[in-house]
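User: I have a model open here and would like to talk through some of its local features. Could you start wherever you like?

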Amino acid sequence: MTRSISRRQAALGFLALAGTVAAGCSGPGSSGPKPSNPGASPSQAPTIGSEPVTLKAYFETGFPMARALTEEFTRQYPNVTWDIREDQFAVITQNAPRVLADDPPDLMRLPQLSELVSNGLLLDLDGYANVFGWDRWPPSQLEQLRSAPEGSPRGEGSLYGMGLNFSMTGVFYNKTLAERIGMSAPPATLDEFDALLSDAHDAGIVPIVQFNGGATGGFAFPLQNLMAAYGQPGPINDWIFQRPGADIDTPSNLSAVGHLQDWIRAGYFDPDANAMEYAQMMGKFLAGDGLFMFNGDWESGNLDAEMPGEVGFFVMPPREAGGPVAAMSAPLTYGIGAHAKNPDHAAYFLNWVATDERAREIAVEIGGSHPMGLPDAPMPEVEEGTVTAETLAAGALVSGDNGAMDFIANATGSIYAKGWTPQLQLLFAGEQSPEGLLAAVQNEYASGTGS
């Protein structure tokens, strides 16, 4: 099994898969009065102390960074050991309400926050943010982890999660195939990107290898990148955060879906895309069976290992040269159970991940992504010429343009499974129009939010 395939679950986790907390698995307290979330109120930053402590954790299978961080933490603090359970993210999303209610871990990989917050299952972290100084970090790093007590809108209110790093999607490309069509640098505009796709198609190269099969509509990646080229990230975040009046069915998003449909009709995607899952996409890209792949920087370390020096990366180019760039960029989210046994130790760990030099190195070396924290926190050195160096540089561009967006699949607990995935599969099959796709997704959104 290749390393890329072993990371499948990690990528799927970032997608907030399978409708997250599925409709048939509503959380405890979903009927009757909603419990409120307790909040930490430390007067000073907690310490680890010297007494033996076992932290209970619930992690995502196939994503080695979290476990590597716990191992380093125990090396530095030998009195802390770990009781770690791992599952695929789809399982975690279904289990989250019951686990947090019946056997709350100290630290847990989280699906979409809204339902867990509204059911009073997550600890309000504002007190820890105050004593550890997280409230001095760039606000955009934590915006996606904030929520009103009712679970919406998100993006404001109290802090209910923390990231282990900050991931981002963009476009990976095979440098050998790029040379065959005369591509010497990433495209500066969407028109230039279109020209490269056409050149690849004419040369008999699959322009884009992209998964879109099963329960995972991977075409959400290129679509959200196109949304970034046609519109502004703010309205998209408003929709994801369930702000009043937000609508995904906008003129700029209609243009983006239309552009995606043009790519489909031109034959720019692998013809098996609707039957292709994430692992198959990675296998094809690693085998050199496609020029471009829309994916996240969590694959950077993997690609550097499997195809050293052979892969490049760029964020989706704007329509006008020199215009601002935007990308789906979100923290790898973890939280503390509302009734966890050792919340102070868990919070200390989360702060350590962002501030300890070796922990930040692990975030880059294994996670392939930008660490959380203050802008002047030490950045690990990355070898020049690696795709990891390119993804980190691209992340700085997006940050500089204030272009970070949460993932459109994170808007509600069911929007990915019941909205985006089936609609994008219909679009690829030629059975849905751009207008119909956006209307159907908005209807599902209205159903999920009660708006």
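Analyst: Let us start with asparagine 253, which is found in helix H12; helices (H or I, at least four residues) and strands (E, at least two) are DSSP runs, numbered from the N terminus. This is a predicted model, in which local features need pLDDT of at least 70 and side-chain atom pairs count only at pLDDT 80 or more, while totals for chains, interfaces and linings use all residues. Residues are numbered from 1 along each chain as its sequence is written, and side-chain values use heavy atoms, with hydrogens and water left out.

User: Is asparagine 253 buried or exposed?

Analyst: Asparagine 253 counts as buried, because its relative accessibility is 4%; buried means under 20% relative accessible area, exposed over 50%, and partly exposed in between (1.4 Å probe, protein chains only).

User: And what is asparagine 253 in contact with, leaving aside neighbours within four places in sequence?

Analyst: With those neighbours set aside, asparagine 253 is in contact with Met227, Ile236, Ile248 and Leu438, where contact means heavy atoms within 4.5 Å.

User: Ile236 is in H11, so which residues of H11 are buried?

Analyst: The buried residues in H11 are Pro233, Ile236, Asn237, Trp239 and Ile240. Seen down the axis of H11, they fall within an arc of 155 degrees, so they line one face of the helix; the arc is that of the directions from the helix axis to the C-beta atoms. The cover over these buried residues of H11 includes H10, H12, E10, H18 and H19.

User: What follows H11?

Analyst: H11 is followed by glutamine 242, which has a positive phi of about 60 degrees although it is not a glycine. Glutamine 242 sits in the loop between helix H11 (233-240) and helix H12 (251-265), and it counts as buried at 16% relative accessibility.

User: Where else is there a positive phi in a residue that is not a glycine?

Analyst: Asparagine 402 is one of them, with a positive phi of about 50 degrees, and its place is in the loop between helix H17 (387-400) and strand E10 (404-405). Asparagine 402 counts as exposed, at 59% relative accessibility. The C-alpha atoms of asparagine 402 and serine 140 are separated by 8.2 Å, with the two residues 262 apart along the chain.

User: You mentioned H18 and H19 as part of the cover. How do their axes cross?

Analyst: The axes of helix H18 (residues 415-428) and helix H19 (residues 434-449) come within 9 Å and cross at roughly 170 degrees; axes are lines fitted to C-alpha atoms, for helices over the stretch in contact, and angles run from 0 to 180 degrees between N-to-C directions. That makes H18 roughly antiparallel to H19, a term for angles over 145 degrees, whereas those under 35 count as roughly parallel, 65 to 115 as roughly perpendicular and the rest as oblique.

User: Which residues meet there?

Analyst: From H18 these are Ile415, Lys418, Gly419, Trp420, Gln423, Leu424 and Leu427, and they meet Pro434, Gly436, Leu437, Ala440, Val441, Glu444 and Tyr445 in H19. By class, the contact of H18 with H19 has nine nonpolar, three polar and two charged residues (Ala, Val, Leu, Ile, Met, Phe, Trp, Tyr, Cys and Pro count as nonpolar, Asp, Glu, Lys and Arg as charged, and the others, Gly among them, as polar).

User: Changing topic, which residues of H13 are buried?

Analyst: In helix H13 (residues 278-286) the buried residues are Tyr278, Ala279, Met281, Met282 and Phe285. They cover an arc of only 160 degrees around the axis, which puts them on the same side of H13. H13 is followed by glycine 288, whose phi is positive, near 80 degrees.

User: What about methionine 281, what is its relative accessible area?

Analyst: Methionine 281 has a relative accessible area of 0% and is buried. Leaving aside its neighbours within four places in sequence, methionine 281 is in contact with Val209, Gln210, Phe211, Met276, Met293, Phe294 and Asn295.

User: One last thing, which peptide bond is cis?

Analyst: The peptide bond from serine 152 to proline 153 is cis, with omega near -5 degrees, and proline 153 has its place in the loop between strand E4 (146-147) and strand E5 (158-159).
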